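Biologist: Could you walk me through this model, one step at a time?
Modeller: Happy to! Let's look at it together.

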Amino acid sequence: MLGIIVWTLLIAIVVNLILKRFHLPTIIGYILTGTIIAYVFNLHAAVNNHDLKEIAEFGVVFLMFTIGLEFSLEHLKRMRKEVFFTGTLQIVVTTAFVISICMLIFGFDFRTSLIIGAALSLSSTAIVLKTYNENNEIKKRHGQRVLGILIMQDIAVIPILLMISLFAAGDDKSITSLVFETVVAAGILLALLYISGKFLLEPFFEHVSKSKSDELFVGSVLLVAIGASYLAHYFGFTYSLGAFVAGMMISETKFKHQVEADLTPFRNLLLGVFFITVGMQINFQIIADNIVIILILLPILVSLKYLIIYLLVRIDDTKRVAFKTALSLVQIGEFSLAILELARSRSLIDPTYSQILIVTIVISMILTPIILKNMSSIAAKLLTEDTLKLPETHNVDKDTKGHIVVLGFGHLGQEIAHNLREDGHNYVIIEHNLKYFEMGYKDNEPIIFGNAAHKHILESVNIKDACAVIVAIDNPEKLHLICEVIDDLTHNTKTIVKVTRFSEKQELESLHLEHIIVEDDVVARALVDETKECRVNFIKEQKED
């Protein structure tokens, strides 16, 4: 066993180092590692080991725990539409479509069709949220929509598992009694977690932190995360649901950031184990025997999920948000693998069909990191303007001169607008993100909804007659594109840009920019200046002594 672990670590490191040269994510490396060790050490059967499955699942548990740290109860209340409306509709509509296909085309009975439909309606929490956490997409509008749907899918696993138990048990237990027991269990679980989080967590962590022992604090974090997961599992729910609620409870305390920092190494390690077990389920013999079915099934499932999610999100959001949300969730998830395996073990689905679906699911999961990595560039190429019914935006008079144009109303743009307003400057803002546009509109800011990379939008704010143009956008690709468009109109003589590092400044050299602020340089100078002041004070104190 120790030899297999050593070889697994070596293969994982080598594979990921190779993939990094091609800018591919580590998730794919772990999945490939799982496939390699499954064949080298003949471990295809080991993936069904109960203990290994539970260890791997705790990667998802810790991921959901850290996601919960970012969301308070108030935040979740604000997301109730994304969770309960969009999330529920997505599951119901997807399941209904798959049931229809299974019964009408393949001739499956209703029970089998319902199980397959419910399983295929779920997406991969582990892959999507891990990627979104790493690139900070989770805080963007489409990230919120994705998170809301995934939370609802996690909740939906509970009735799906109950449904399988009911089908397997026959008529021994009525649906009414099962539903009643589930509702009571959910009430008790939430009450216990809420009371513990509200009244016990902060005093507990304060007491532990007084010991000034890092080991005890880390142990306490693990106790809370695993304890909440076990409690949820005891009441018949998923481990990750309990961990998510526990994370939300801790987010209300002052220990939130320290808890997140201490738990991250455990999360990443166990997520690696989880993705390795996913790779171990790839069986090339099954793929070879059913290659035609898989090649037909995969694009049909992906297209169906994309279309359903896109249309649901598009009801009340922009094309870009709907596109990114749908594209993020087209894969089938890890809980689907567990559902199909359980259904197969209860003789509710044919083993051959189960294996074909499992391989199809794993392939969809492998493709997901590549899709997520290129999602923004795909959206930029395929989508131009978002067409959504917007409130009447600010108008700039044709004779307006000497004003300041601010491109972007994100966190930096908001601070810039605040300072311009305080100093009494005449300014106008262009914002393409609906969420930030609505924030500015509600605050009575002179804001226009539009894409600053389009000349006619810039010309509509009299950019040629402005005294300055401030580009408050963090995305280097978008910033470069916008500066190119401004260069055509004003030669960038009055454009002010903020970049993070010198390499980004060098990439803008050909665009005639005279005012580039390098964030790293400014921060470094400020820190050195503060150090000089500390040194002067230190020398004074030494002389006085």
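Biologist: In which sense do strand E5 and E6 pair, and over how many bridges?
Modeller: Keep in mind that this is a predicted model. Strand E5 covers residues 495–499, and isoleucine 496 stands opposite histidine 515 in E6. The two strands pair in the parallel sense, and the number of bridges is four.

Biologist: Which strands are the edge strands of the sheet?
Modeller: The open sheet has six strands in the order E3-E2-E1-E4-E5-E6, with parallel pairing. From one strand to the next, the twist averages 20°. An edge strand pairs on one side only, and that picks out E3 (447–449) and E6 (515–518).

Biologist: Which strands does helix H22 touch?
Modeller: Helix H22 spans residues 476–490 and packs on the sheet. Its direction makes about 165° with that of E5. The strands it touches are E1 (404–407), E4 (468–471) and E5.

Biologist: At what angle to E6 does helix H24 run?
Modeller: Helix H24 is made of residues 519–544 and lies across E5 and E6. Its angle to E6 is about 60°.

Biologist: How many nonpolar residues are in the contact of H14 with H17?
Modeller: From H14, residues including Ile293 and Leu297 meet residues of H17, among them Ile356 and Thr360. The contact has two polar and no charged residues, and the nonpolar ones number ten.

Note on methods
Residues are numbered from 1 along each chain as its sequence is written. This is a predicted model: local features need pLDDT of at least 70, side-chain atom pairs count only at pLDDT 80 or more; totals for chains, interfaces and linings use all residues. Side-chain values use heavy atoms; hydrogens and water are left out. Two strands pair if DSSP finds at least two bridges between them. Axes are lines fitted to C-alpha atoms, for helices over the stretch in contact, and angles run from 0 to 180 degrees between N-to-C directions. Contact means heavy atoms within 4.5 Å. Ala, Val, Leu, Ile, Met, Phe, Trp, Tyr, Cys and Pro count as nonpolar, Asp, Glu, Lys and Arg as charged, and the others, Gly among them, as polar.
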